[in-house]
Amino acid sequence: MDINQELKQYVEEHVFPEYQKNEVGHGIEHIQYVINRSMKFAQTVPDINLDMVYVIAAYHDIGHHIDSKKHELISAQIMMQDKELKHFFSQEELQIIKEAIEDHRASSDHEPRSIYGKIVSTADRNNTVNSCLKRTYTYGKKLNPEASDEELFERAYDALQRKFGENGYAKFFFHDEEYENFLKEIRRLLADKKHFCDTQRAYINELKKKKII
């Protein structure tokens, strides 16, 4: 991963710690996942600026703890207010980074405005069933701490059906066999609501026993 080492050090020391403020589904583990996936897709694009890809992925959820419903706008604003980035990027590059962060949400009403937005939007999609089961539970718990687990499993099923069902809104802009296999698996699980809830219940209980959540 050919990233400017000074930039990488700055992000690791000053940006990554901010993710401790987010719930676990949007924490540093998720950010590292999106960075790695973004770099994978970026390698297939000629003349791509890997430093820009790295920063987009690193900042894309930084404002999630402030307001999850418009976190893409808040995260973009936080990035633009980071004066340190002016040492690494031109104003034009920062504008592209900003737009890519704004465009990354799967539920966005428009397609990303640049290839950079398409990279991080694609990389931000879960590609394992377990990650979906964990993230939908922890995010639902954050939104409604008083909800019972059964209510959270119901919410998770509805959310994932809207997102990854046959007519789901999640868009993917790069061919990826791993993601296509995931889609088949999650859709099989979503085909039976009771089976989905039973599966999520068993997995969440396992994570609780291990004190992961």
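Me: By class, how many nonpolar, polar and charged residues has the lining of the largest pocket?

Reply: Rolling a probe the size of a water molecule over the atoms shows where empty space is left. In this predicted model, the lining of the largest pocket has eight nonpolar, eight polar and nine charged residues. The space in this pocket comes to about 560 Å³, and of the 25 residues that line it, those closest to its centre are His26, Arg105, Tyr139, Lys163 and Tyr169.

Me: Which helix gives the most to the lining of the largest pocket?

Reply: Helix H7 (129-143) and helix H8 (149-164) each supply at least two lining residues, and H8 gives the most, with six.

Me: What volume has the second largest pocket, and which residues are closest to its centre?

Reply: The second largest pocket has a volume of about 250 Å³, and of its 13 lining residues the closest to the centre are Glu29, His30, Ser131, Lys134 and Arg135. Two or more lining residues come from each of helix H2 (28-42) and H7, with H7 giving the most, four residues.

Me: Which residues line the largest cavity?

Reply: The count comes to one cavity of 30 Å³ or more, and about 40 Å³ of space lies in the largest cavity, which is lined by Asp103, Arg105, Ala106, Ser108, His110, Pro112, Ser121, Lys171 and Phe173.

Me: Why does Ile213 count as partly exposed?

Reply: Partly exposed is the class between buried, under 20% relative accessible area, and exposed, over 50%, so Ile213, at 33% relative accessibility, counts as partly exposed. Together with Val24 and Ile212, Ile213 forms a nonpolar surface patch with about 210 Å² of accessible area.

Key:
Residues numbered from 1 in each chain as written. Predicted model: local features only at pLDDT ≥ 70, side-chain atom pairs only at ≥ 80, totals over all residues. Heavy atoms only, no water. 1 Å grid on protein atoms, 1.4 Å probe; cavity = no way out; pocket = protein on both sides within 12 Å on 5 of 7 lines; lining within 4 Å. Points joined across faces, edges and corners; volume = space filled by probe spheres on them. Patch = residues over 30% accessible without salt bridge, like charges linked within 9 Å, V, L, I, M, F, W, Y side chains within 5 Å. Areas by Shrake-Rupley, 256 points an atom, 1.4 Å probe, with all protein chains shown as cover. Salt bridge = Lys/Arg side-chain N within 4 Å of Asp/Glu carboxyl O. Buried < 20%, exposed > 50% of the residue type's maximum accessible area, 1.4 Å probe, protein only. Nonpolar A, V, L, I, M, F, W, Y, C, P; charged D, E, K, R; others polar.
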